[in-house]
Structure formats: C-alpha cells, structure tokens
Amino acid sequence: MSALIDAMRELVTANRILAHEGVLDAYGHITVRHPDDPERFLMSRSRSPQHVSLADIVTFKLDCTPIDDLGRPLYSERPIHGAIYQARPDVHSVVHNHSYDVIPFSVTKFALKPLAHVAAAIGHEIPVWDMATKFGDKTNLLVRQMEQGRDLAQKLGSGNVVLMRGHGCAVAGKSLRQAVMAALYLQVNARMVLSAVRMGAGTDIKYLSKGEVETWMAQTGGPNFYDRPWEYLTKRAGCDDL
Amino acid sequence: MTALIDAMRELVIANRILAHEGVLDAYGHVTVRHPDDPKKFLMSRSRSPELVTLGDIVAFTLDCKPIDDLGRPLYSERPIHGAIYQARPEVNAVVHNHAYDVVTFSTTKVPLRPIAHGAGGIGHEVPVWDIADTFGDKTNLLVVTMEQGRDLAKKLGNHEAVLMRGHGCAVAGLNIKHAVILSYYLQLNARLLMNALMLAGGQQGITYLAPNEIETRLYDERNPKFRDRAWEYWVRRAGCDGL
C-alpha cells in the first residue's frame, strides 16, 4: 500500500513538473505502471496536468478500462498508454505531450536526433507515426481506440520516443523519472536543433553518435540516476512539500 | 440580468487569458454579443486587456455607438467588431489582436494553414485583408470607420479568422470561449508553422492537416464542452479563478 501511495505522489509531482516546464500545457498526460500489479496503470482523471492532485488518480487495466473512476470524466487518449504497457513489459511510465518545439518535426522530414548528451535518452533514431497511414484522413488525430494505440506502440518499437504527425509525441521510460526527463530533454533538444537550423546549419549538425547514446544510457541515463534533477524540478514546480 | 453579469465576467476573463498567454499585449480587444439583445455588443473601455475589470465594460450598438460609456475613452477600432456582428448573425464573440507570430504571415504570401490537430479549428484557409486595396496607402492601418469594418468582414466571409496586412488579425467565434481558443491556436500554429517551414525549407516539405482532419476538428470545436479542460487551466493561469 505504501508503494502505491508513493507512486501516486510521484505521479502528481510528475504532472506538475511537466506542466511547469512547458512540456505539457492544458493537454497531455503522464501515467505510471501500478507498483503492485503490472497489469494496471495509474493516470489522472481528465484534468489539465498542472491541476492534478492525489484524489484525481484513477487505476486502469491495460486495456484502458477504469477500475475506480467514480463516474468522473476521463482522458480519451488512454490507449496511447495502455497499448505501450501491453507491448513493452520493460516500460513503467509513459508521457504523451504536444510540446510546441517538438510538433514541427512531426510534420516535416527533418529528423529529430539528440545533439546534446543530456538528451541521449530520446534515442539515436526517433520514428514518426502518421495516424492517417493506417486509419485514413477522417480521424481527429486523437488515439482513442486500442487498435490505434497498438499501431502507435508498434511504431515506437523498442525505442523511448515516437513522434505523432500533426499532434505531438509519446515517451516511454523504464521508470517515471526517466520518462519525465526524456520528455523534458526531448523538448530541450528540439529547441536546440531548431536553433542550429536557424543559424544556417541546414542538416549539417553534429549529433551524438550511436555509441555515445548507448554509453550514456548504460552509465548515466538509467532509470535511477535522477535524484539531483528531480529535487530541483520538484522544487521549481512547487511540489517539495507535497 | 444574470446572463449579462455572466457575460461581462467571461469577457473580463477572456481579456486576461489572452493577455496572459501573449495573444494580446498592450493592444487588441475582445468583445461579446449582448446576451439579451443581439443588436448590441459588450467591450471594455480603452484599456490594455490585462487590466480590464467588470467596471470597464461598455455596451455598444452594432454601429459602434456607446450606450453607457460615461465619457470614458473608447477603443477606436470598434468597427472591426460591429461590422462582423452585422455580417455574421451566428458569431457571438470577436477578438482583434496583433499576435507577433501572426503579423508576420499577414505580410507574406505564405498561407497560415493548420499543421497541428489543436489548430484545426482555424479552418481550411485564413484570408488576408489589405486595407490599402480599398482605402489606399494614406491610412494608419487602423479600422476606424464602419465602411472599413464592412470591407474587412467581407474578406472574413464565412471563415474563422482573417489576417490584416501589417497589423494583426480578427477572429470570429460562436461564443467567447471559442473565440479565445481560436485566437490562441492561430498564434500557436503560426509559431509552429514558422519552425516547420524552416526545417522543411519551404511549404512543399510540410504535411498540413488534411481537409477531412480539419472538418473533423471544426465539428469538435462547435461542441461547447470540448474545451472545458483548457478553459479551467487558462482561467487559473491568468489568476482569474476567484473572479
């Protein structure tokens, strides 16, 4: 039970950190796998992440059926999360966001790749999923069915990030803190690449090599390496006494 | 009377949200059609939107004559609003703004088309109106006569928004939340599109929303509950949750 409360508290903090850092705005969500039951995950009821509190957390099965929603409105895009948890037993947390610096990459062929060491967790190659490829152009681009979520999870593959065309992205972490940091540095890295292009670099940008990404992840980017930034981000978001 | 107070309160909140989110700066304005009389609209006296309070709201006839201004200075560009209300009976709220990312598009031939799902509500096309086309190059670009307002409303046509060359834009909503949301996402899409154009090296390398995707979004945006989550968020960010 104490693991559950801790997970819920950390989920609330994660919502507020990502909102405070501008990764989530009025929309987007973060979830964590249930600490006592890998066949479930925890997610807020439908609410802007900045406002999420402990009482808003609802438990879902991996097919996204709510267990204790008490009739409150829920996020419609739960299948982004449920499908990734189904496909990836190693994933313990998922973020879906509409980061303003990330979206432009989803509508062009310009690849979003890590150019700074702290962004290594986004992975060496980031795929772009276009919902219209399989589901046609009559959707509103929202991922509201498990079939759509599974198609997205398939494009994510074994990576940590997948862009969603004209929409945003999904970020997967082996821990909640890893997912938060990857989502944050995905945005920071996107901003850096945009600046490099604005400087006239074109596509001639020195990205991290595959080896550098792998080394970073093995030595520094693991699921439990985030105490220092977590304390800082928690305090910035006003959650240090939560 | 309750409907009027509610409309005034939402108008104050809309002013402050758009100021807080950087859509309005020292200039620009929001109006709403009078809830009890479609031949009138409500607008602040001349004041920067961030500072607007309930006591600043004035009622106007659709030809932009004030009813209860008490001699206070008024915005000169009221005809943007009055003329759109005259031309579009279904429109109940209008925003005029100089959003910095939007102004740039008004001066180029690069169309401002939606690339993100949240911005699908700005519609298939955002026309550009140039005051100089009808009124020559001796204006200060401000829309201060009803004749100018009607010319702008004609260019707006049945669209959700119209750009004003070298000036800003006018946004028409079914209700005040709708007008605020469209204004926010018009600016956001402008910013995203600028970056996409830079990455792609031009329009041809960009996947815009498909016409059907825009239609779906236009339909969703007509649902008054569709944006409740964002409204709650913006109200609190603007410090208006106790208003």
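This is a predicted model: local features need pLDDT of at least 70, side-chain atom pairs count only at pLDDT 80 or more; totals for chains, interfaces and linings use all residues.
Now look at the helix itself. With 19 residues at 1.5 Å a residue, α1(A) should span 27 Å, and its end C-alpha atoms do lie 27 Å apart, so the two agree. Just after α1(A) comes Gly22(A), with a positive phi of about 80°.

Next, pick out one of the covering helices, α6(A). Helix α1 (residues 2–20) of chain A packs against helix α6 (residues 176–198) of chain A at an angle of about 5°, with 11 Å between their axes. That angle is under 35 degrees, so α1(A) counts as roughly parallel to α6(A). On the α1(A) side, the contact uses Glu10(A), Leu11(A), Ala14(A), Ile17(A) and Leu18(A), while α6(A) brings Leu176(A), Val180(A) and Ala183(A). Sorted by class, that makes seven nonpolar residues, one charged and no polar. As for the spacing, residues three or four places apart point the same way because an α-helix has 3.6 residues a turn.

Finally, step over to the other chain. Here 28 residues of chain B are in contact with 27 residues of chain A. On the chain B side, α6 (176–200), α7 (211–221) and α8 (228–237) each give two or more residues, and α6(B) has the largest share, with eight. This side of chain B has 14 nonpolar, seven polar and seven charged residues.

Terms used. Residues are numbered from 1 along each chain as its sequence is written. Chains are lettered from A and ligands numbered from 1 in the order in which they are written. Two residues are in contact if their C-beta atoms, placed from the backbone, lie within 7 Å. Helices (H or I, at least four residues) and strands (E, at least two) are DSSP runs, numbered from the N terminus. Ala, Val, Leu, Ile, Met, Phe, Trp, Tyr, Cys and Pro count as nonpolar, Asp, Glu, Lys and Arg as charged, and the others, Gly among them, as polar. Axes are lines fitted to C-alpha atoms, for helices over the stretch in contact, and angles run from 0 to 180 degrees between N-to-C directions. Angles under 35 degrees count as roughly parallel, over 145 as roughly antiparallel, 65 to 115 as roughly perpendicular and the rest as oblique. The expected span of a helix is 1.5 Å times one less than its number of residues.
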